[in-house]
Structure formats: C-alpha cells, structure tokens
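Me: I'm new to this one, and I'd like to go through it slowly. Could you take a look with me?
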Amino acid sequence: MKRAFPLFIILSLLCVGVEVNAQLRVANLTVEHMTNPTVVDTPQPRFSWVNEPKNEKVTGERQTAYRIVVASSEQNLKRGHYDLWDSGRVTSEASVLVPYKGQPLASGQDCFWSVQTWDVEGKPSRWSPIGRWSMGLLKKSDWKAQWITARQAKGAPLFRKAFTLSRKVRRAKAYVTSGGFFELYVNGQRVGNDYFVPNITNFTERPGLAKGSIALDNKFTAYRILYLSYDVTDMLRKGDNAVGAMLGDGFYRSTSNHVMSFGEPCLLCQLDITYDDGSHEVVATDTSWLTHPSAITLTGVYDGEVYDARCETPRWAEAGCDESGWRRAEKAEAPIGQLTAHTSPTDRITSVLQPVNIERRDSVIVVSFEKEVAGWVRLKNIKGKAGQSVNVKYISESPLGVQQYICKGTGAESYAPRFTWYVFSQVEVSGLDELSASQIQAEAVNTDVPVSAEFRTSNTLVNRIYDMWIRSQLDNMHGCIASDCPHRERLPYTGDGQIAAAMVMLNFDAAAFYQKWVRDMRDAQNPESGYVPNGAPWQPTCGGGVAWGAALNTMSWEYYLQYGDRQLLEKAYRPMRAQLRNMLTWLTPDSTMFQQMRDPNTGALSYWLNLGDWVPPYGMPSDEIVHTFYLWLCASNAARTAQVLGDKAGQAECQALADRTWRAFHRKFYDADNHTYGDFGPNVLALYMGVPAERKAAVIASLRKEIMDTHGGHINTGFVTSKFFFETLSDCGLHDVATTAMLKTDYPSYGLWLALGATVTWEQWNGMNSHNHPMFGGALTWFMRRLAGINAMPFGADGNPSSAGAGYRHFEVRPYPTVGVDSVYYSLMTPQGRLTSRVISNAGQLCRLELRVPVGSTATVHLPRETRQLGQGFHVLTCQ
C-alpha cells in the first residue's frame, strides 16, 4: 500500500529544493538595491541575487535559469503556497533587477520571496535564504494622518497620543515622516536605529529662494518628502498604549546662512493596526495629539544641541504619562512634496571609537581618538550636581555647534546628541572633575552605505591615501547625499559629488544611495530651461558652474556602468537632453561653450554660477575650456545613453553635437606653436577627449614637460580636472609620471596631507579651509582602474549594444605594472558577485595576474603580449 503525503509536505519539499550536486549557491538577495527594505512604492519591485560557485576551482559556471516565488507570509512561502507569484522556471541568465510580475500588490503588503537557480549543467541550486520587503501607502487616500506642529520657537518638541487597543494585534506598522528630523517611540521604546530621518529632499516651496545669496528662479521639476515604515507589532499590547515622537529642526528650519529654511518643523505619523480577527484601526496625527517641550532646549544642524536633563518629562511616550501641562498640537501647513517611500539608506551609528589618550589641561579634559569622524561623543555614567553644565568642544578648523549637557543630579547619567553631528578627532570636555576611558566614546554617524571593496598594495603610502579618502567619504554622507564638507557647509554640492561618484561606486554598495540622490537632481532641474543647479536638493549658497550641474548626466551614466540599472538611465535620458539644450544656449560663435549666467535680480554676472575648475595648486585653466569639455562629455554620455535605450535618432543627434564640440575644442584651444592646450589641466582634458593623431605625440611630450619640469613631478590640476589626471597620464604612455605625482609627499600631494597629520582628505592642496573634503578622491579611481586594471564596460565583448555588459556582466582587465607598487589587490562585490584582481609586478614589469570572474560575468584581459576572453572562475595568468 502506497502512503499518501499531505500536499503541504510535498510543497514544502519543493520549496526547500533538492540539490543534485549543483555548482551554485544563491545569496545576497536585494529588492530595489536594498536588503529587506521596509517600504517600497514601485508596483513592480525588482529582484537581484548573486550566484556563488560552491567550488572555486570550477570555471565556466553560469546561471541558465531561475525561479522566483513570492508569498504574503513567511509561513506560506515555507509551505509552498506562493499566493503572490511563482515565476516558474525561466530560462535566463538574468540575476540583476528582475521585475516582479505577480499579483497586484496592495498598500502595506508584506512580501516574502526566495529564488532558485540552475547551473550550466541544468542542476538546481538549493532555494536561497528568504528575503522580504513591504509595500508603502500606494494611494493618496491611504493617508489618514494630518500634518501637525508644536509652533515652538526653539528646542525639540515632544508629541504623544495615548490610545487603547481592544483586541490582540496581528500586525502593526508605523508610517512616519517629518519636516525636520524625528525619533519615534512606542510605549517608551525608541523605534528603529535611524538618525537624521527622513533623508534630505526638496521638501516644499520656499518663496525666498529668488532672493538667495546665489539667486535662482524658484522653479523645480518636483518636490518630494520621504516617509519611513516600521513594524511595531511587538511593541503594542492589548489595553493602554502610547505613541510619541521627538522633532528636531534638521535642515527644515535653520538659523544658518548656509541654508534657507522650508518652514516650521512638522510631523506626519500613521499607525495601521490589524487585529487577529482581521479588523483594522488607524492611529494618526491630528490636533488631538499633545505636545510639550523636551529636554532638548536647542537643536540645530549647525547650532548644535543643548540638553537640560532637569527638564525631562517622565514616561512621555508611555500610556501612564501625566498629561497635565501638555497642550494640543496644531495643524501644520503641509509640505507640498510628493510623499514617496524611503527606499534609500538611512544614517546610523556605523562605528565606535575608544579614546587613545585622555589628559587634563588646565580646566578641560582633552580626549583624543585615532582618526577624524563625523558623529558625536557619548558620555556614559557621568555624575554631577543638578544644574551642573558639562560642555563638549569639538576641535576642528571649521566652526561647529555646541554640545552642552545640564545634569539632573540624581545619579549616573548618560547622553549623546540626536539631531546633529560634529567633525572631530579630539574634544575638550569641561565641567567634570574626572573622566575615564569607560565614560566616553566617539560614535561615527553617517548614511549606512557599506564598504563593498577591499584595496591593498605593497606601498604603504598608497594604502594610507586610500584609507584617508574612505574615511572622508563616509564622514560626508548624511541624509543620503554626499556633502562638500561635513562641518562648515554640509551641502549637497553636485560638482563634488560627480567628481567622486565613480570612486564611491568602486568601493561602496551605493546603488540605493545614488538612486535617491540622482532623483534629487532630476527633481531640482528647472522644467522650463533644463538647467541643473550646483546643489541638489538646492540650497542658495551652493556655488559652482557647468561641471556641477553636469552631475545629472555623468552620475547617471556611471551608475549604469557600475550597476547595470537601465531604469535609471530611462528616467535620466529626457532630463539629460533638456540639460544639453540649456548648455547650448551658451555657445560662442566658435561653437565652444562659455556659460555666463547672471543674477536674476541684479542682472550682474554671477561668479558662483559659472565656475570652471576649482582650488588648483598653481593656477586656474580657462573657464571656457572646462565648460566646452563638459559640453562634449555630456553630449557623448547622452549619445551612449540613447544607444543603450535604442533611440537611434537621439544617438545620432547627440553624437553629432559631441563631434562638433570636439572639433571646436581642438580648433580654438590648441597652441600650435607650443604644442599645448595650456597648463593646469587643459592638456589632460584634450587627451581624455582624444586629440588629432598628427599632434598627439607633441601634446603628450608637452604634458610630460609641464608636469615633470615646470611642476617638479606634481599634480597641477584643480579638483574638477583631477578626476581625469592620473588615468589619462597612464593611458597616454605617461604612467611613470602619474606614479611620480601620486607618490609625492611635498606640495602639492596627498602625501603632504598625510605628513601634516591628516586622516581624511582636505579641500585644498595647501591645507587652507576645510580639512574634510572627499572631492579630490575622484582621482583615486586610478588605483582600481589602472593599478588593479578593473574597468566596467557598457556592452559585451563584441561591443554590441544588444549584448549587455554594464553592471559587470562584462568587464575589461588592463593592469598597469607600477614601479614602487609591486603588488596590488582589489576585490569588489559587483552586482554579479565577488570580483578580485591581484597584480604582481617587478620593476614595472607584469609577472602574474590572479583574477576571479564572478558567475554571470565575462572579462577581456589585456596582457603585454596577448588578449584573452575569460568566463567565470579563478584564473592565474603569468607573464614571462
């Protein structure tokens, strides 16, 4: 007699999967570039995963098919009840950004998914670990909450709402955002571990922008405000409950002259509660909520924070709080920004540093840490009398806000700020008689974008240069934008951002980060003129020029190269074309570009809207040369974008513009008598573009003389041109010159900064102004692209646009053996999987290349005497 098995057991076995000696293991599941995102509002989210080879010795492995299953609960998924989608077995090598094609997803829908793949021999893998995501509120009518405010002049107000739940809760979610930064609490517990949320966007209209210090028409493509979602099911209980929020000013309201305020800080919060019996209840912000001042009496991103512990309100976010003295919140003027899911990384405490030295100097205690970070110091278990003031002064070359803690005086007390960050490697603490190492720590706080690469060489100086840039870049990532500096301005300069973007993508898992920030740039574009401002979201003190607004174009193309996300290119293409039309309004009679924007109020030429390069070590190149170069670069990128998207007419039009601009550049700026385009960078830009063949050798010789003789082997460019400096030198047979400049330790050089004690990169080669600026890190792609030799390619090995190569489906390996750097190791987690390159050389001659090609990738490898095509696997190539 045959034994019958229940259907759910059979389905469970199918879900677990039977592995028949499969060579693939599935890992790294993401949805819209994020691991288990809590809020997504696109109707067809995109799935990605990585196929890892189980045996590193196997080569030529690839995915031949996949099956994605999605269920409305983890239990359903494990039982094999795929009530949202079962793709079935799909014959495909695709493993990156595969769109959902299942049942329509509802607001608040929880989704659980898994994927199985088949290897080159048709053997199935085990099912992947289970991933999940949750949908946001997809319709405007889903929002029941009202915007509320405390109408409080200063400090961080508290908000609360007490409520009673009559039945057991099956599921509860909080959807929350604010004008300003918020912290959410349920029944006295802080919800989540995010800081400085929501992420920075162009929240709402600001009529005063037209009168800003750098005045622009108050015209933007879109306004936007991001909302977060938290699962608070386990924080609620049957009976009495309370929800509370604390609200800091953030960038929404500021006294700083660096920014223009949006308005009064305000809160939007909605708890969607589902009971066990399937019924629903909503607790949402309205004027029945109560507000009260908090112990934070001063809050400001630039001003700092003052916390008076004597003013704490006991149990303020609990059901039993004494509500006497509280008043009703008021209805706020709602921001006009579109409520959009916060599918982007938030700021978090990303590392903790212990003191390396504590010493008393007169009336202060000086505490030192090993490197400079952006964040704060946390005081732990300190004791003081009621009213005793403990002050922390952060030592920095740029002004920082205050940090003051006023003791309650009832025992051991601990404190760290909430709504601002500081930049420091050393602090002075006053107001305490003693402070031990166990009572203070530094906490680095930044947008949680994990490092996805490892880079090491045999040269200590190169390693230290790389490390100091990594730290500087992290310090400048807050609110899901990259700032120019984390202390003085804290602004989302697009020029600084686009110069460093490739380096960021080569070292960080920054796909979700840039998906958000590039959208900010599209939002900031003038819908009538096509102009893209120097900062996004825009603040009227962001000075810059053509290379700044070009970020919309250059970052979109670089993003596609690194992550293979065609959708972002599709969204960027029309804005790129509109921006080109704006750039063409500044053509000269010679067909070069020379932007000369004027203040809309005074009509005067605006210096801060028309920059070319910036902060060079010796002299500035012509603005017109830099503007024309960027017209060519943007037109070239737009042509490549049109090619990827299949717009042949657009490709032809943009390529024709690029070609005309190329001819105009070389016709106008070349000095035939001296065989040069000029000092301070123009020769680098010309060679990057490609100079006419008959003059190339002479220009290269001029560039060698310019750097080695005129400037003693030092870099001679500002930060805009520095992006192209080292790679262009290497590509033009001047790799020795590039190496000489990189390894210098006197002015101007990265090595000089290190010699002067820097642990992060600086704004200027001479050490003036900010001592934490990541923009010159844009030149360090030379480490990955030339020393390690790894280059992402837009197309496959055949160069055909239909043969996708972006996102490391295909990449090029062309290492440059380097005197003084005998070994180079670079490892990057690409969308396809882990890629590694180890280059061993001797006296500038390549000896050995060890290359790991991920599953799903192919590589074209250029060696001194041959070129090879390689598939997945670990390859050891030797050169005699």
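Me: What should helix 7 span at 1.5 Å a residue, and how far apart are its end C-alpha atoms?
Reply: This is a predicted model, in which local features need pLDDT of at least 70, side-chain atom pairs count only at pLDDT 80 or more, and totals for chains, interfaces and linings use all residues. Residues are numbered from 1 along each chain as its sequence is written, and side-chain values use heavy atoms, with hydrogens and water left out. Helix 7 (residues 551-563) has 13 residues and should span 18 Å, and its end C-alpha atoms are 17 Å apart, which agrees; the expected span is 1.5 Å times one less than the number of residues. A helix here is a DSSP run of H or I with at least four residues, a strand a run of E with at least two, both numbered from the N terminus.
Me: Is helix 7 mostly covered or exposed?
Reply: Mostly covered, as 13 of its 13 residues are buried (under 20% relative accessible area, with exposed over 50% and partly exposed in between, using a 1.4 Å probe and protein chains only).
Me: And what follows helix 7?
Reply: G564 does, and its phi is positive, near 65°.
Me: How far is Q404 from G180 in space?
Reply: From C-alpha to C-alpha they are 21 Å apart, while in sequence Q404 and G180 are separated by 224 residues.
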